[in-house]
Amino acid sequence: MVPTPNSSLKEEDIEIRVITQQDYKRVLDFLSLYFFGNEPLTNSSEPKDEVVVGVDFVMSNIEHGTCLMAVLKGSDEIMGLTMTGPKGPDEAEHMQKAADAEGNTKWGKILQFLAKVERDSNVYERYNVTKVLHVLATCVDVKMRGMNLGARLYNAALEMAKSMGYELLTADCTSFYSARIKENLGWDRINVAPYKDFHVDGKQVFCPDPPHESCTTYAIRI
């Protein structure tokens with residue numbers, strides 16, 4: 001049985017390792033259970049019953065060797081993970097082209113919004129860097145919440161990025177809670193995109209429940 005947060009589980013009981021293609025199915029299952037349905041962009045836009053979107057966009061980053069998972073020693077069960085991947089200075093253009101190709105679908109609107117966030121953040125020029133690693137998705141097993149596993153995953157991603165020669169680690173936090181972790185870790189808050197300001201065909205696209213009000217972009221130099 002997996003220990004609960006108030007049990008004797010210790011930091012050394014959790015191991016963080018790189019996600020490989022062999023982990024694909026169980027990582028996707030974990031994301032489907034703990035990320036897609038809870039992420040404010042997907043769970044607050046129409047159609048509401050279509051929550052597992054952008055799978056290829058997220059899962060394709062496994063091939064870069066930059067995605068991490070926290071597993072319970074002894075069982076190898078996933079307790080949390082963070083999907084990260086490199087992005088170039090023309091990322092906004094790529095996302096906008098993908099959004100245009102997708103059209104007026106749920107995923108197309110999400111891509112359109114993220115392309116705008118990318119343009120407004122403009123991290124390459126803002127920080128004058130040449131190599132950036134970006135956090136796309138992070139989630140933790142409900143049994144582990146409140147144990148700072150998210151912060152541990154971000155710190156591990158930072159160390160990994162440093163070892164791979166990246167100059168900057170960034171994240172577009174669509175959740176209030178993921179943004180709060182970055183604040184507590186001392187990341188720079190560089191852009192805020194309120195959900196109430198993004199409309200398509202005159203209608204607000206994302207209407208998540210409080211406290212989720214915006215997508216906030218953070219960055220930290222390596």
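This is a predicted model: local features need pLDDT of at least 70, side-chain atom pairs count only at pLDDT 80 or more; totals for chains, interfaces and linings use all residues.

Q: OK, helices first. At what angle do H4 and H5 pack?
A: About 160 degrees. H4 covers residues 91-102 and H5 covers residues 106-121. Their axes are 8 Å apart.

Q: So is H4 roughly parallel or roughly antiparallel to H5?
A: Roughly antiparallel. Angles over 145 degrees count that way.

Q: And is the crossing left-handed or right-handed?
A: The crossing of H4 and H5 is left-handed.

Q: Which residues make the contact?
A: From H4, they are Glu91, Ala92, Met95, Gln96, Ala98, Ala99 and Glu102. From H5, they are Trp107, Gly108, Leu111, Gln112, Leu114, Ala115, Glu118 and Arg119.

Q: How many of those contact residues are nonpolar, polar or charged?
A: Eight are nonpolar, three are polar and four are charged.

Q: Which residue does glutamate 118 pair with?
A: Lysine 87. The N to O distance in that salt bridge is 3.0 Å. This pair links distant parts of the chain. Glutamate 118 is in helix H5, while lysine 87 is in strand E3, residues 77-87. They are 31 residues apart.

Q: Are glutamate 118 and lysine 87 buried or exposed?
A: Both are buried. Glutamate 118 is also one of the H5 residues in the contact with H4.

Q: What about aspartate 120 and lysine 116? How far apart are they in helix H5?
A: They are four residues apart, so about one helical turn separates them.

Q: Which residues do salt bridges with shared partners join into one network?
A: Glu15, Arg17, Asp23, Arg26 and Asp76.

Q: One more pair. What does lysine 48 bond with?
A: Lysine 48 forms a salt bridge with glutamate 46. The closest N and O atoms are 3.9 Å apart. Lysine 48 is partly exposed at 44% relative accessible area, and glutamate 46 is exposed at 52%.

Q: Now the backbone. Is the peptide bond from glutamate 46 to proline 47 cis or trans?
A: It is cis, with omega near -10 degrees. Proline 47 is in the loop between helix H2 (40-43) and helix H3 (55-59).

Q: Why point that out?
A: Because most peptide bonds are trans.

Q: Where is proline 211?
A: In the loop between strand E8 (203-204) and strand E9 (214-221). A cis peptide bond joins proline 210 and proline 211, with omega about 10 degrees.

Q: Last topic, phi. What is the value for asparagine 122?
A: Near 50 degrees, a positive value in a residue other than glycine. Most residues of that kind have a negative phi. Asparagine 122 is in the loop between H5 and helix H6 (123-127). It is partly exposed, at 33% relative accessible area.

Q: And aspartate 201, buried or exposed?
A: Aspartate 201 is exposed, at 69% relative accessibility. Its phi is near 55 degrees, so that value is positive in a non-glycine residue. Aspartate 201 lies in the loop between strand E7 (199-200) and E8.

Notes. Residues are numbered from 1 along each chain as its sequence is written. Side-chain values use heavy atoms; hydrogens and water are left out. Axes are lines fitted to C-alpha atoms, for helices over the stretch in contact, and angles run from 0 to 180 degrees between N-to-C directions. Helices (H or I, at least four residues) and strands (E, at least two) are DSSP runs, numbered from the N terminus. Angles under 35 degrees count as roughly parallel, over 145 as roughly antiparallel, 65 to 115 as roughly perpendicular and the rest as oblique. A crossing is left-handed if the near helix is turned anticlockwise from the far one by less than a right angle, and right-handed if clockwise. Contact means heavy atoms within 4.5 Å. Ala, Val, Leu, Ile, Met, Phe, Trp, Tyr, Cys and Pro count as nonpolar, Asp, Glu, Lys and Arg as charged, and the others, Gly among them, as polar. A salt bridge is a side-chain nitrogen of Lys or Arg within 4 Å of a carboxyl oxygen of Asp or Glu. Buried means under 20% relative accessible area, exposed over 50%, partly exposed in between (1.4 Å probe, protein chains only).
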